[in-house]
Amino acid sequence: MAETHLNPTFEQSAPELKRQIELERVGAPFLVLRVPSGEQALVALGGRERLTIGRGADVDVDLEGDEGVSRLHAELELVGGSWLVVDDGLSTNGTYVEDERVSGRRRLKERDLIRIGGTGILFRDPALAEGPGATVAVGSTETVQMLTDMQRSVLVALCRPYGTGEGSTPATNKEIAEAVFLSVDAVKGHLRVLFDRFGLADLPQNEKRARLAEQALRSGAVRASDLG
């Protein structure tokens, strides 16, 4: 199954993205997944040392409805400050991280995608994202590195409402212009370039801004710490 269908943040809504940013600001690891109804769920790992995944009332993360999931399918354990995914033969169909089957234990990295049955679970650790070598989930590293200082400032201003609690939609052109001390026409010009660089130029106009904000945050071009 393609990652775009498994990844629980693929084409997520602005309110869903905002909830993740709020957890990122806490700084503790968390999981992102979609329950069978299609609703996005967040599971905070702060204060935990172990978490079980499977089907039924006896596990911490219940994937009831996914027939590819065993009753006790896998575990997450905190060992030496790092989270590990563990499948010591617990499951029938296996546990996968980035399409590689887990044999025993595997240390999780920021934005690792865990596949359990037909469910994708995204591991997030904001502390790892702030350090060197953070994984870029959307858009290439080259795309992010090619951004000018002003383009990045425009992206930060576009995304700021998600991090300030002032709303769940991107900033308007006027709000961006006021934040970065440019004219509205100049902001529009920068946004056109950014839509193209992030591969969004062909989207309907009413979708571009939210998708650009999502990709900026998921790629690391804008971090939660930039929005305070």
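1. Asp 99 lies in the loop between strands β7 (95-97) and β8 (100-101); helices (H or I, at least four residues) and strands (E, at least two) are DSSP runs, numbered from the N terminus. The phi of Asp 99 is near 70°, a positive value in a residue other than glycine. Most residues other than glycine have a negative phi. At 64% relative accessibility, Asp 99 counts as exposed, where exposed means over 50% relative accessible area, buried under 20% and partly exposed in between (1.4 Å probe, protein chains only).

2. On the basis of the note: this is a predicted model, in which local features need pLDDT of at least 70 and side-chain atom pairs count only at pLDDT 80 or more, while totals for chains, interfaces and linings use all residues. Residues are numbered from 1 along each chain as its sequence is written, and side-chain values use heavy atoms, with hydrogens and water left out.

3. The chain holds eight helices and 11 strands. Of its 228 residues, 47% are buried. Among contacts (heavy atoms within 4.5 Å) with a separation of 6 or more, 46% are between residues 24 or more positions apart.

4. The loop between β9 (104-107) and β10 (113-116) contains Glu 110, and Arg 111 is placed in the loop between β9 and β10 as well. Glu 110 is buried, with a relative accessible area of 4%. Its C-alpha atom is 5.2 Å from that of Arg 124, a residue 14 positions away in sequence. Arg 111 is also buried, at 8% relative accessible area, and has a positive phi near 70°, in a residue other than glycine.

5. Two aromatic features may be recorded. The charged end of Arg 115 sits over the ring of Tyr 96, 4.2 Å from the ring centre; the criterion is that NZ of Lys or CZ of Arg is within 6 Å of the ring centre and within 35 degrees of the ring normal. The count of aromatic pairs is zero, under a rule by which rings of Phe, Tyr and Trp (its six-membered ring) pair if their centres lie within 6.5 Å, with planes under 30 degrees apart counted as stacked, over 60 as edge-to-face and the rest as tilted.

6. Which residues have the most contacts inside the largest nonpolar core? They are Leu 155 and Leu 212, in a core of 29 residues. A nonpolar core is a set of buried Ala, Val, Leu, Ile, Met, Phe, Trp, Tyr and Cys residues joined through side-chain atoms within 4.5 Å. The elements giving two or more residues to this core are α2 (14-26), α5 (149-164), α6 (173-180), α7 and α8 (205-219). The greatest contribution, seven residues, comes from α5. Leaving aside residues up to four places away in sequence, Leu 155 touches Leu 147, Leu 194, Phe 198, Leu 212, Ala 216, Ala 221 and Val 222.

7. A second, separate core has 20 residues, including Leu 45, Val 61, Ile 121 and Phe 123. Leu 31, in strand β1 (residues 30-34), is buried, with a relative accessible area of 1%. Residues up to four places away in sequence aside, Leu 31 touches Ala 41, Leu 42, Val 43, Leu 45, Leu 51, Leu 76, Ile 121, Leu 122 and Phe 123. Leu 31 and Ile 121 are 90 residues apart along the chain, yet their C-alpha atoms are separated by 6.4 Å.

8. Helix α7 (residues 184-197) has 14 residues, which at 1.5 Å a residue should span 20 Å; its end C-alpha atoms are 20 Å apart, in agreement. The expected span is 1.5 Å times one less than the number of residues. Val 187, Leu 191, Leu 194 and Phe 195 are the buried residues of α7. They cover an arc of only 100° around the axis, so they lie on the same side of α7; the arc is that of the directions from the helix axis to the C-beta atoms. On the other side of α7, Asp 185, Arg 192 and Asp 196 are exposed. Gly 199, with a positive phi near 70°, follows α7.

9. In α6, the buried residues are Asn 173, Ile 176, Ala 177 and Val 180. Their arc around the axis is only 100°, which puts them on the same side of α6. Phe 181 follows α6 and has a positive phi, near 60°.

10. Buried in α2 are Ala 14, Glu 16, Leu 17, Lys 18, Gln 20, Ile 21 and Glu 24. Just after α2, Gly 27 takes a positive phi of about 95°.
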